[in-house]
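Trainee: I'm new to this one. Could you take me closely through a single part of it, the sheet and the link that goes with it?

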Amino acid sequence: MRKTTRKSWAVAAGVAGIALLATACSSGDGDSGTSPTSGSTGSTEKVTLKIQTFNEFGYKDLYTEYMKLHPNVTIVDDKADKSDTARANVQTAIATGTVTEDIVAADVDWMPELVDHSDFFADLSSIGGDRWPSWKTGQATDDAGKLIGAGTDSGPEAVCYRKDLFEKAGLPTDREAVAQLLGTWDDYFATGKKFIDSAAGKAGAAWFDSIGALSQGMINQLKAPFEDPSTQKITVLDADSPAKAVYDQLTSADVLAQSAHLGQWSDPWNKAFTNDVKGAWATQLCPPWMTQIISGAAPDQKNWDIAPVMPGGASNWGGSFLLVPKDGKHVQAATDLVNWLTDPAQQAKVFVQYGNFPSAVKATTDATVVAKTDTYFGNAPSGKIFSDRFAQVAFQPFRGPNYFPINDALGKAYTRVDVDKTDDAASSWKKFETDVNNLS
Amino acid sequence: MATTSTPSAPETATDDEVRRQRRRVGFSQKLGRLDVKVSPYLYISPFFILFAVVGLFPLLYTAWVALHQWSLLDGEGPWVGMENFKHVLTQQYFWTGVRNTISIFLLSSVPQVIIALVIAAVLDANLRARTFWRMGVLVPYVVAPVAVALIFRQIFADPTGWMNEVLGWVGVGPVRWGSAVLPSHIAIATMVNYRWTGYNTLIFLAAMQAIPRDLYEAAIIDGASRVRQFFSVTIPMVRPTMIFVIITSTIGGLQIFDEPRMYSQTGDGGADRQWMTVTMYIYELGWKNQNFGRAAAVAWLLFILILIIGLINFAFTRRISSESTKAPKRKKVRA
Amino acid sequence: MSAPSVPAIEQMAGRGAARAAARKHHVEGGSRRPRWLTYLVLTIVLVISFYPLYYTFLLSSSTSQNIARHPIPSLIPEGHFFDNVRRVFDTIDFWGATWNSIVVAVITSVSVVMFSTLAGFSFAKLRFKGRGPLLVFVIATTAVPTQLGVVPLFLVMKNLHWIDTLQAIIVPGLVTAFGVFWMTQYLESALPYELVEAARVDGASMFRTFWSIALPAARPAATMLGLFTFVASWTNFFWPSIVLRSSHATLPVALSLLQATYFKDLALIMAGVVLSVVPLLVLFLIAGRQLVAGIMAGAVKG
């Protein structure tokens, strides 16, 4: 008995030793091992490019296509599960000066901190900034004029609505007619009140999902919601802050009565898309990527449609960029790939297949894009609608280095009042103030 | 074993005598003594070497960071001494985090240890299909915390989820698992208990299996019921194991991170920080707000808190589990 | 070595040795069979243990729509299981991640058991200067929160060029304080000092003593430690998610990618969970009997 025990220990130790050796020898693959080639184009030299995206950029087929066009390039798809995870990865990389990806994707909300550390990234001006509208490139350019991010998608907002609930409430269901009803925020809330007082409202339907969701749309219509563009000082807590005005309006009793009290992205919100009347809501602020979420969450719901309108004028919510860390091994090859992926032709392809709306101007007016209709949304001409909305976007709110945490804290403030109901408007704002004060 | 031809000393030959009898002295003797003196340190060194790199260095580095103004992306700023600590200690959120952490810890550790003891006692008996029962309790441990969180999020979904449906059958209104403080703690504690109770059960079981049966037989002869046996024989005999389990679950429980983080989609511990634990607060300060200095300060405070609570637990457990039977002293091999 | 009777051992070597010998002679069975109440309690416990896993399987056999509509699924699975499994394989590199997890878990468990038993033997049975404080220090190290160490550890890994390699996961886990504490605690009571001293008297070196006496004595606890370490390594998420990228991901990191699309496809995610549990359940089936036998056998085999 003893002998076998000792033998088995020896065997185990041996196995572990060999395995450890094997691991040490086999790791380190994944990069081509050639010397840094940041200067040369090296068209026939074998290159492996790692690219980190998040959520769904719709690039799978594009990678295959690019690899066919450039047989010497291997693309490794390093998806992160959410924007927050990707953000943490990029932050860790900058903090420790490590480059683990040749290309990283970044969400516009956290671009400011990356622009602040533009030294870490390569200059992408060679791609030509006029591919995008100035409000898009503005989000990826540092003070010295260096462009570090190539715009991928954008989020021009329209209003998705439930035809059946509108009908039940005695409201028009035709797209253009609905657009007439919701031109301004006052119109929006007035129609909302009508809805709540109607049969649909009485049956348990709400007008919108949460005030946090509305806040996103409204904040994106302000020029300087949180910080002063010239000094970057935090202004959101000032008495005349436009963000506070929005907050006061949204947390008023009238508006709260129209809410379904479901926090965006939460489990109950996801599930509630399958509700018929009770627990459902009639309107949803819709950037193009939201349409995919709705159709994914409730594939059997046949009653959604898209109205070509955004209360308060044009608004853009979201949109991402591709960046190239300057110290990567294959900066030129990476830049070439970024150039190709964000080319209007490719952006159009992505929209048609996946629904991510382009940010390159030529792509937004591309024939295939404009012609796209969406069967889920009652054959609405989604391409045309979003293209028109995109053209109307004139500016984006100023995003300073604290935009992301402030926006996040503001979202929490709304959730406390609307969803969790742990606070009233005043006490929730007080907590928001503490959060903001902690940022400095 | 003496190999010389000189007459061997009587039965109780000591090391010294044996060595004296050997003609060869010097190197092998020195080696022998060296072996005994150095070996202990050699054998424990792998752990300490690894720890120096993987544990001590981060610990000291973080202490250094905590004393500076330090942004995650920008790196080291000016020295600020205890400023970070002072700031953090006056923050409402820090104390909310402590409250949440201790609440979840108590809701999880206490039931866990008790249930684990009881189930282990039940499993200790002479059962049919022993393997099946004993491995069965370990099944929850196999499921990754991330997965457990996903599963229990479905179970505790609010307003409509498995738990609320079932509660509805007995007339209890939908509990706000996703937004109220105590319900969220109960849900998270349930997740933790689900995963770790089986594990602790097996640990206790191993200890119980080592208890000599004649102690139980003596107790039965004295007329003790099974319950009485449990309290008078089992518990005192597994005292060292109890201490072990309570210490490890205290330390683990106060650092709980994965479960509360995965409890909601946004992973932030609730808009009003209803279930944000201290470790989550560290992550938020460091990665969301990028204030690495303050995050490091909170981390050190947590470390100190764990040490304090660990010591309290240790003293407490020794007191309540000490009984009439004193464990005999274990002798050690002398150098 | 023929075994003298227990009282004789007590005479010669003290009560500790007598107790050890009594354990050796421990006869399984013979005590009264437990009543039906015991089995009932156990059944309830096991149902509670298994149901969430079965619930996961039910969810993974369904579709997201149905899950939203019916919080409590029927007990019969709906039959979409293999569809969802196929989609898991399409979405992530399941086999690659599984292989990575296996490599990491195997190396880590073997290493932890070896080094912990070595250290445990020293702390439990050898007397050396600083033993007490060092042991307390070991335990105190478990109080260091992981989040604390992430950035400095990442820096260490970066300087070793180990970012996105499996070594970055394996090396920090080669020996754990928990393992050392566990083996110390076990060997303290399970290894009678008399056996160790006997070996020393016979002239064995320290290592020989460890190899021939301590290791066999430690087997039950070592098996348990090995199993626990394997499972812990298999399910470890936080640190791997920071230092690994999807090319070298372990299974939990790869599975988190199932949530990556715009909407949460619960059925798909649950299918991933079921798949990740299967290898461990297989391990249980193989190693389960060993483990239980180990627990039952007691300390030293004659």
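Mentor: Here is a walk through that sheet and its disulfide. Keep in mind that this is a predicted model, where local features need pLDDT of at least 70, side-chain atom pairs count only at pLDDT 80 or more, and totals for chains, interfaces and linings use all residues. Residues are numbered from 1 along each chain as its sequence is written, chains are lettered from A and ligands numbered from 1 in the order in which they are written, and side-chain values use heavy atoms, with hydrogens and water left out.

In chain A, three strands make an open sheet, ordered 6-5-7, with antiparallel pairing. Strands here are DSSP runs (E, at least two residues), numbered from the N terminus, and two of them pair if DSSP finds at least two bridges between them. Strand 6 (283-286) and strand 7 (304-307) of chain A are the edges: each has a single partner strand, so one side of each has no neighbour in the sheet. Strand 5 (residues 158-162) of chain A is joined to strand 7 of chain A by four bridges. Across that pairing, Cys160(A) sits opposite Ile306(A).

Cys160(A) also forms a disulfide (cysteine sulfur atoms within 2.5 Å) with Cys286(A), the sulfurs being 2.0 Å apart. Cys160(A) belongs to strand 5 of chain A and Cys286(A) to strand 6 of chain A, so the pair ties together parts 126 residues apart in sequence. The link is left-handed, with -115° about the S-S bond. Both Cys160(A) and Cys286(A) are buried, meaning under 20% relative accessible area (1.4 Å probe, protein chains only). Over all chains, the structure holds one disulfide.

Technical notes: Buried < 20%, exposed > 50% of the residue type's maximum accessible area, 1.4 Å probe, protein only.
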